[in-house]
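Dear colleague,

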Amino acid sequence: NMVEAVSAKSSDGDALRQYQCTTNYYIPANKIRDWKYNDRSQEAVLSDPKFPELKDSIELAGRLAEAIVVRPLSSVDEDGFEFEQVIGCKRLTACKLISPNFPVECSVQALTDAEAAALQAAENKGRSDPPIWDRGCAWASLLDQKVYGSVRELALALGEKHEKTVANYVRFARYIQAEPEFRTLPLSRLAQAPLELLANIAKGKDVPVEERDELVQRIVEIE
């Protein structure tokens, strides 16, 4: 069986080294800072309707069900942080709200920005997608800081099938950054509400003039 096979291999000394994993550590929440390329903003995390449930479950258990991924800083920064979160921003935020000294289970890994971005993208696969605004901002920053040399390189590294989608998200984020009045609105009003209005118009429903005017003001052209 599998156990016997593994036991047999272990007798070879280093035969099991290929299966070795890092040991997790319990690090106080106030020693871990958010990664600057996070694809979820704090606003998005706190406004997530499922976030209170996540926080309550962590507080009840007294620990995380799944470790977050952090990387060590080269030195303690001016705010006293010793590590930087790469995976698990919602879990880390919940821990910090429970207690600044909450023991956060962490997998400590030495990662480049490019490796961390790819890992973050892989983590999101099959889970709830970050808002377009947050994703676009993160991707724009990765390009601006030369972590990736082009949209094509970024899309390939993050496993995004459609290069144009990545380019549009980046353009969307940069447009919003240039128009501060949009940033005060939840992304759902920038996206979902206009789509609903468009659907009503397409169905021939009578849409008030003021709502049509709002539709024109809210739609952001990214094509």
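Arginine 71 is placed in strand E3, residues 68-72; helices (H or I, at least four residues) and strands (E, at least two) are DSSP runs, numbered from the N terminus. The model is a predicted one, in which local features need pLDDT of at least 70 and side-chain atom pairs count only at pLDDT 80 or more, while totals for chains, interfaces and linings use all residues. Residues are numbered from 1 along each chain as its sequence is written, and side-chain values use heavy atoms, with hydrogens and water left out.

Arginine 71 has a relative accessible area of 12% and is therefore buried; buried means under 20% relative accessible area, exposed over 50%, and partly exposed in between (1.4 Å probe, protein chains only). Its side chain makes a polar contact with the side chain of aspartate 113, at 2.6 Å, and also reaches the backbone oxygen of leucine 111, at 2.8 Å. A polar contact is a pair of N or O atoms within 3.5 Å; within protein, one must be able to donate a hydrogen and the other to accept it, and residues adjacent in sequence count only if both atoms are side-chain atoms. Not counting residues up to four places away in sequence, arginine 71 touches Trp35, Phe83, Glu84, Val86, Gln109, Leu111, Thr112 and Asp113, where contact means heavy atoms within 4.5 Å.

**The chain as a whole**

The secondary structure of the protein chain comes to 11 helices and 5 strands. Of its 223 residues, 35% count as buried. Among contacts between residues at least 6 apart in sequence, 74% join residues at least 24 apart.

**Nonpolar cores**

In soluble globular proteins, nonpolar side chains tend to be buried together. The largest nonpolar core here has 21 residues, and those with the most contacts inside it are Val86, Ala117, Trp139, Leu142, Tyr148, Leu154 and Leu158. Such a core is a set of buried Ala, Val, Leu, Ile, Met, Phe, Trp, Tyr and Cys residues joined through side-chain atoms within 4.5 Å. Two or more residues are given to this core by each of strand E4 (83-87), helix H5 (113-124), helix H6 (132-144), helix H7 (151-158) and helix H8 (163-178). H6 gives the most, with 4 residues.

Tryptophan 139, leaving aside its neighbours within four places in sequence, is in contact with Leu154, Leu158, Glu160, Val166, Tyr169 and Val170.

**Helices H3 and H4**

Helix H3 (residues 51-61) and helix H4 (residues 89-98) pack at an angle of about 60°, with their axes 9 Å apart. Axes are lines fitted to C-alpha atoms, for helices over the stretch in contact, and angles run from 0 to 180 degrees between N-to-C directions. On the H3 side, the contact is made by Phe51, Leu54, Lys55, Ile58 and Glu59; on the H4 side, by Lys90, Arg91, Thr93, Ala94, Cys95, Leu97 and Ile98. These residues divide into 7 nonpolar, 1 polar and 4 charged; Ala, Val, Leu, Ile, Met, Phe, Trp, Tyr, Cys and Pro count as nonpolar, Asp, Glu, Lys and Arg as charged, and the others, Gly among them, as polar.

Cysteine 89 also lies in helix H4 and is buried because its relative accessible area is 8%. Leaving aside its neighbours within four places in sequence, cysteine 89 is in contact with Asn38, Arg40 and Val45.

Alanine 114 has its place in helix H5 and, with a relative accessible area of 26%, is partly exposed. Alanine 114 and lysine 146 are 32 residues apart in sequence and 9.8 Å apart in space, C-alpha to C-alpha.

Lysine 146 is in the loop between H6 and H7 and counts as exposed, at 68% relative accessibility. Most residues other than glycine have a negative phi. Lysine 146, although not a glycine, has a positive phi of about 65°.

Proline 100 is found in the loop between H4 and E5. The C-alpha atoms of proline 100 and asparagine 30 are separated by 5.1 Å, although these residues are 70 apart along the chain. Leaving aside its neighbours within four places in sequence, proline 100 is in contact with Pro28, Ala29 and Asn30.

With kind regards
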